[in-house]
Structure formats: C-alpha cells, structure tokens
Amino acid sequence: MVIQMRMILLGKPGGGKGTQATLLKEHLDVPQISTGDILREAVKNGTPLGKEAKNYMDAGKLVPDDLIRGLVEERLSQDDIGKGFIFDGFPRTLAQAEGLKKIADKLGISIDKAVYIDVPTDKIVKRLSGRRSCACGAVYHIESKRPKIEGVCDACSGKLYQRDDDKEDVIKQRIEQYEAQTMPLIDYYRKEGKLVTIDGDQDIDEVFNDIKRGLGI
Ligand code: AMP
C-alpha cells in the first residue's frame, strides 16, 4: 500500500522534529524538507541566500519570510514530492503558513497533517546544548544519543560539531522567537482540523510510535 502524506512537524527548537522527520522519511519513503538544513548548506556554500540568512541564523533570529517562501517554492517544484513530504522547521510564522497554503493551492495539493511534538521548555535547553550535528543531517546528543565513536557520525563517518546556534546564549533567543512567532501555528492548524499533538517528552521510539498511531500509518 502506498501511503501519501504531506505533513509538517511543529514544535520548539530541539524538540525532536529533525529526529522524527528522519524516521518518518524512512517509514513513508518521502523527502524530509528541513529549511534549517537548506539554509545551513547555503551558508556553507556562500550562496546569495546563505549570505543573507547567515546573520539572522547566528543571532538565533528567524530568516525573513520572503526568503523562506522562495526557498520552499523552489523545493516543492522538484519532482520527488509525488508521494508527499515532511516539512521540518517550516512553517515557523503565520505568514509562512499562509504562504505555504498559496504555494500548495498553485500546485493543486494540500497539507494533510500538522504534528505538534510537545516538549517542556526546561528540557529544551539541555537537549540543545548537548546536541551534536553532522553535515549529513544526522543528530546526536552527548548523553542520550551518543555515536558509536565519540565525535564521529555513525551514518557517514563525518566529524560531529556543535551548531553555533546551539550555544546557550543563542538558545534563549531561539526559544523566545519560537514563543512569539511559531506557537500561534498550533492554533492555526488546530482550527484547520489538521493538528495531531504528541507528547515529545519520551524516548525517541515512543514518540515515533505515538506519531505513527496518531497519523494511522
Ligand atoms: P533549525 O535547524 O530548524 O533549528 O533552523 C536553524 C535556523 O535557521 C533558525 O534559528 C532560523 O534562523 C533559520 N530558519 C530555519 N527555518 C526557518 C524558517 N522556516 N523561517 C525562518 N527562519 C528559519
């Protein structure tokens, strides 16, 4: 049976969206679209988008909506999204949610579900400050998800690093941005009848099982 699923993942930074998106991508065989990963790649490659986005990202601020909208429109015009997609870290503002609706209308598709992974704020700082990332998109944690060899990615043997915005002074700013700009999206998708709320304060496997159950997949 081919399941078609166009979904978004909502939740605080460090709440497990990327980890769950990676598991869902395997399970559903659809692409994971992380605006954060796309932006980090653009910064690394020094593209015009990367140059514009870098200062916002370094400060833990959101990149302006028009840049994000262009990036998403371009990504959704690629031909690998026939079976669906998983957005991770997008939309992050009401304007982006409205923008997504317009892009989807243009493409003749709609978003099926918004999964909200709910994690208490006091857990977030610990999760983010212990997070170690790989350029391939894999993420680890110095306590709860250690790689087999310290500092080395299990998936691609790349060198793990701490994202600049995972340092404590920037984390606070990112949480404030989330509360001011992204939290209203929970009500937005609830009103659309698309919201599935998941307790994110559990082990990775338990969260994944709850998501599958919540989506009926
Ligand atoms: P993330 O990897 O999703 O935590 O994103 C890292 C940073 O990239 C964020 O703190 C923002 O500066 C920027 N970013 C990623 N996605 C978005 C988005 N949808 N809207 C605005 N800024 C974004």
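**Entry 1: the loop with P91**

I looked up P91 and found this residue in the loop between strand 3 and helix 5, where helices (H or I, at least four residues) and strands (E, at least two) are DSSP runs, numbered from the N terminus. F90 and P91 are joined by a cis peptide bond, with omega at about -5°. I noted for comparison that most residues other than glycine have a negative phi, and most peptide bonds are trans. The model is a predicted one, in which local features need pLDDT of at least 70 and side-chain atom pairs count only at pLDDT 80 or more, while totals for chains, interfaces and linings use all residues. Residues are numbered from 1 along each chain as its sequence is written, and side-chain values use heavy atoms, with hydrogens and water left out.

**Entry 2: positive phi angles**

I then turned to phi and found D29, which is not a glycine, with a positive value of about 55°. D29 sits in the loop between helix 1 (17–28) and strand 2 (32–34). With a relative accessible area of 56%, D29 is exposed; here buried means under 20% relative accessible area, exposed over 50%, and partly exposed in between (1.4 Å probe, protein chains only). S157, again not a glycine, has a positive phi of about 65°, and its place is in the loop between strand 6 and helix 7. S157 counts as exposed at 59% relative accessibility.

**Entry 3: around F85**

Is F85 buried or exposed? I found F85 in strand 3 (residues 84–88), and with a relative accessible area of 0% this residue is buried. Leaving aside residues up to four places away in sequence, F85 touches several residues, among them M5, V30, L76 and I111, a contact being heavy atoms within 4.5 Å. From F85 to Q32 the sequence separation is 53 residues, yet the two are 6.0 Å apart in space, C-alpha to C-alpha.

**Entry 4: salt bridges**

I counted a salt bridge wherever a side-chain nitrogen of Lys or Arg lies within 4 Å of a carboxyl oxygen of Asp or Glu, and the count comes to 18. One of them joins K106 and E73, whose closest N and O atoms are 2.5 Å apart. K106 lies in helix 5 (residues 94–107) and E73 in helix 4 (residues 65–76), so this pair ties together parts that are 33 residues apart in sequence. K106 is exposed at 66% relative accessibility, whereas E73 is partly exposed at 30%.

I looked next at R131 and D166, whose side chains meet in a salt bridge of 2.9 Å, N to O. R131 is in strand 5 (residues 131–133) and D166 in the loop between strand 6 (139–141) and helix 7 (168–182), so the pair ties together parts that are 35 residues apart in sequence. R131 and D166 are both buried. D165 and R174 form another salt bridge, at 3.8 Å from N to O, and these two are buried as well. Through shared partners, salt bridges join R131, R163, D165, D166 and R174 into one network.

**Entry 5: the whole chain**

Of its 217 residues, 45% count as buried. Along its principal axes the C-alpha trace spans about 45 × 40 × 30 Å. Among contacts with a separation of 6 or more, 72% come from residues 24 or more positions apart.
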